[in-house]
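Here are my notes for you to read alongside the model. Take them one point at a time, and find each residue in the viewer as you go.

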Amino acid sequence: MLNSTCSKYILFPEEIRLRNDVRAVLYILGLLYCFIGLSSVTGRFFIAMEHIVRQTYEVVQKDAVTGVKVVKREKVWNYTIADITLLAFGTSFPQISLATIDALKNLGKLDAGGLGPGTLVGSAACDLFLIHAVCIIIPQGAVKKVMNLSVWIVELIWSLWAYIWLYIIVQVWTPEVITTWEASMTVLQFFLLLLHAYAQDQEWPFVSICMFDNKKRVDWVSGNPTGSSSSSSAVCGSNCTCPSVKFNSSGRKEDEALSLLGFSSGSENIEFDGQGKYQFTDLLMHWKQQFIDVMQVKGPDPTDRRYRPPTGLNICWNVVMFPWKFMFALVPPTAIFHGWVTFICTLVFITAISYIVTNLTNLIGCVTGVKPYAISLTALATGTSWPDLVASVIAADCQATADSALANITCSNSVNIFIGIGVPWVINTFYNYFKLNAQLTVSALGLGFTLLVYLVTSILCIAALVARRYFFGGELGGPQKWAWASSAYILFLWIIFLVVSCLHVYNII
């Protein structure tokens, strides 16, 4: 039932003069367009992260026998820490930043604003069910499994505990009141997660789990970091459009940034000197090439370097995509500071688009009259989880194992609680305590029932992943018909979660 009293708007006050059904359609189309933009910029984000994780440093050691100095290259990043701090934290950054900004705007108020518990549980369900369902069917003709199984189990346990902790502090210890120590403990647990996962990865005694089917990853991405000319098609498949780093015999580096949407921002062809530093002129030429590529209409297959005349559909698609392509061409090439500049710029774009997504979903609820809690479980949760979905899909397609794709799901759910809601609560609770001598209140409407449904359906989802590992040798891919069947089963669990939770909101059950 459409709401006749919605006075909010997204751009112009004249929007309120339109019929609510027209506004609902326009807002939904705008939401879908933002999802396209998020998909594109998240592809750039993943490429930047690949460059960061590949960073190495030089170590000089003496051979114990000959005494000759041996120069080795050691990686800077531990892959488990990279999955949590770069991948999961990065894709969750929009929620963290928007919630933190809202907390600063909410200073002096006694009730917590921002993304409420309902949105966070809905986002967790979207991450767990939708992303798993999509990732399972991505590795066509291949089987990919979690190599470092013990680390994934640790991350999984922490992701489930995060929402149990949320229920305890919101409805058990101090119902609908958040204290300073509860907020502080929430943030502290993120660092405990990091420490526990790292300890498990390094197999520290007394704190790590011993697993018989457990191996460490050789590389964070598929591809060849050693400098040879071999490609990664054996892992990604012949149609792989994942970001890849290739080196040819002349020592020139080519970084093809192909997004899931099938267009590129131009290929990096930057000359490096003997110390691995880029030449500034080549960097500027590549950045210029990004804008030239924006003006070109791609043919039916943008990955094919041979000229193919574009069809009418290609022209229309490129016109639709032009604003996003031009905007993301502003992102500097990944050669600067090992990809950190690109990484930060893409996070800014992801946050800005996510802010628009949040406003659009709220407006859809306003004009349709759907209860805010139902909107937070569905549209808003899907919008805030979209970067997680795209990043996990790229990881499932491009990496030789399923570690990062699944770690992003579990760790994002933990980050959303420990940092995404923990940091805003720390800001508001301490301000209220020292300035107002009051406590922070938070709405827990329907949280207990929703969380119970989530935990039950999540156990069924995890059981499906365990069964796939036992029968097919891996969590992702495998026989196509069984991959689609598994995907449909997990999507069905998501639908059950949404339907039962929404029926409870409307007091039907």
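1. Let's begin with a pair of charged side chains. Arg-469 and Glu-475 form a salt bridge, and their closest N and O atoms are 2.8 Å apart. Both partners are hidden from the surface: Arg-469 is buried, and Glu-475 is buried too. Please keep in mind that this is a predicted model, so every distance here is computed from predicted atoms.

2. How many salt bridges does the count come to? The answer is five, and the pair in point 1, Arg-469 with Glu-475, is a salt bridge. Another one joins the side chains of Arg-54 and Glu-50, at 3.3 Å from N to O. Is Glu-50 buried or exposed? Glu-50 counts as buried because its relative accessibility is 0%, and the cut-off for buried is under 20%.

3. Now look at Glu-58 and Arg-73, a salt bridge whose closest N and O atoms are 3.8 Å apart. Glu-58 sits in strand β1 (residues 56-62) and Arg-73 in strand β2 (residues 69-75), so this pair ties together parts that are 15 residues apart in sequence. Arg-73 has a relative accessible area of 51%, so Arg-73 is exposed; the cut-off for exposed is over 50%.

4. Next, turn to helix α2, residues 79-91. Among the buried ones are Tyr-79, Ile-81, Asp-83, Leu-86 and Gly-90. What caps the N-terminal end of α2? Asn-78 does, with a side-chain oxygen 2.9 Å from the backbone nitrogen of Thr-80. Thr-80 is itself one of the buried residues of α2.

5. Helix α2 also meets helix α13 (residues 403-436). Their axes come within 8 Å and cross at roughly 70°, which means that α2 is roughly perpendicular to α13. The crossing of these two helices, α2 and α13, is right-handed.

6. α1 passes α10 in a left-handed crossing. Which classes of residue make up the contact of α1 with α10? There are 24 nonpolar residues, nine polar ones and two charged ones.

Definitions and conventions: Residues numbered from 1 in each chain as written. Predicted model: local features only at pLDDT ≥ 70, side-chain atom pairs only at ≥ 80, totals over all residues. Heavy atoms only, no water. Left-handed = near helix turned anticlockwise from the far one by under 90°. Helix = DSSP H or I, 4+ residues; strand = E, 2+ residues; numbered from the N terminus. Nonpolar A, V, L, I, M, F, W, Y, C, P; charged D, E, K, R; others polar. Buried < 20%, exposed > 50% of the residue type's maximum accessible area, 1.4 Å probe, protein only. Polar contact = N/O pair within 3.5 Å; in protein donor to acceptor, adjacent residues only side chain to side chain. Salt bridge = Lys/Arg side-chain N within 4 Å of Asp/Glu carboxyl O. Axes fitted to C-alpha atoms, helices over the stretch in contact; angles between N-to-C directions. Parallel < 35°, antiparallel > 145°, perpendicular 65-115°, else oblique.
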